[in-house]
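Here are my notes on this model. Please keep the structure open as you read.

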Amino acid sequence: MNRIPATGELRRGGSLARNPRSGKSNRVDVLTPSAHHNLEQNFRVFPLHREISPMQQTLILLKPDAVQRRLVGAITGRFESKGLRLAGLKLVHTPRDLAEKHYAVHKGKPFYESLLTFLTSGPTVAMVWEGREAVAVCRNLMGMTDGGKAAPGTIRGDLALSVQNNLVHGSDSPENAAIEIALWFKSEELVKYTITDASWVG
Ligand code: DAT
Ligand code: MG
């Protein structure tokens, strides 16, 4: 029942949930019929049983402590090996106005000024990761805000001790992800491509 429909089956309509934004089937968002057909032709993969679940993008920042501590490769590897697709990547020495916009929700809090000083203190790696439930998946990989309390196995739990210098930022909702991605990336900096193991990862 929750399998990807064969090419052509989508045209019958009716039985598939529709995405209200695009008007397309949610399953088309996960992997378009033509992309899936191409994968089947080129790599002889099989249809994958999948729950209907939104494809999401999320903004991940490897903050200046991650760069200074030479943890960019180790942290990026956590997102990569989870099965997410890298859609955007750049190194940014964050200007003050971008830091203010990014952390606007924390304006007025006791740690706000210190947080801005930290984020603007050196280069940050900005990334967009894409995949099924990407927002929650990345937050779970990151662990709790306070590195001292974050669970072992998470990025912060394994690699961070501080509350402020906790290595990584991840959007906390799909709505905020869209806002944050637009802050950090121009649309032409996000790259669309099909990853060849998509049918295996799900
Ligand atoms: P998160 O980064 O887990 O989404 P947040 O949005 O609550 O956490 O806070 C943004 C950042 O601000 C966080 O990564 C580190 C810093 N921060 C939060 N609470 C803090 C505190 N009590 N003292 C110092 N820095 C703090
Ligand atoms: Mg946050």
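Which residues surround ligand 1?

1. Ligand 1 is surrounded by H106, F111, L115, T145, V163, Q164, N166, H169 and D172. A residue counts as near a molecule if its C-beta atom, placed from the backbone, lies within 6 Å of it. By class, this shell holds 3 nonpolar, 5 polar and 1 charged. Nonpolar covers Ala, Val, Leu, Ile, Met, Phe, Trp, Tyr, Cys and Pro; charged covers Asp, Glu, Lys and Arg; the others, Gly among them, are polar.

2. This is a predicted model, where local features need pLDDT of at least 70, side-chain atom pairs count only at pLDDT 80 or more, and totals for chains, interfaces and linings use all residues. Residues are numbered from 1 along each chain as its sequence is written, while chains are lettered from A and ligands numbered from 1 in the order in which they are written.

3. The mean pLDDT (the predictor's confidence in each residue, from 0 to 100) is 85 for the protein. At least 70 is reached by 74% of the residues. Among the elements (DSSP runs: helices H or I, at least four residues; strands E, at least two; numbered from the N terminus), strand β4 (residues 168-170) has the highest mean, 99. Helix α1 (residues 26-30) has the lowest, 43.

4. Residues 1-19 stay under 50 in pLDDT. The model gives them 31 contacts beyond four places in sequence. A contact means C-beta atoms, placed from the backbone, within 7 Å.

5. Which residues of α4 meet α7? R78, F79 and K82 in α4 meet V137, C138 and L141 in α7. This contact has 4 nonpolar, no polar and 2 charged residues.

Methods
Contact = placed C-beta atoms within 7 Å.
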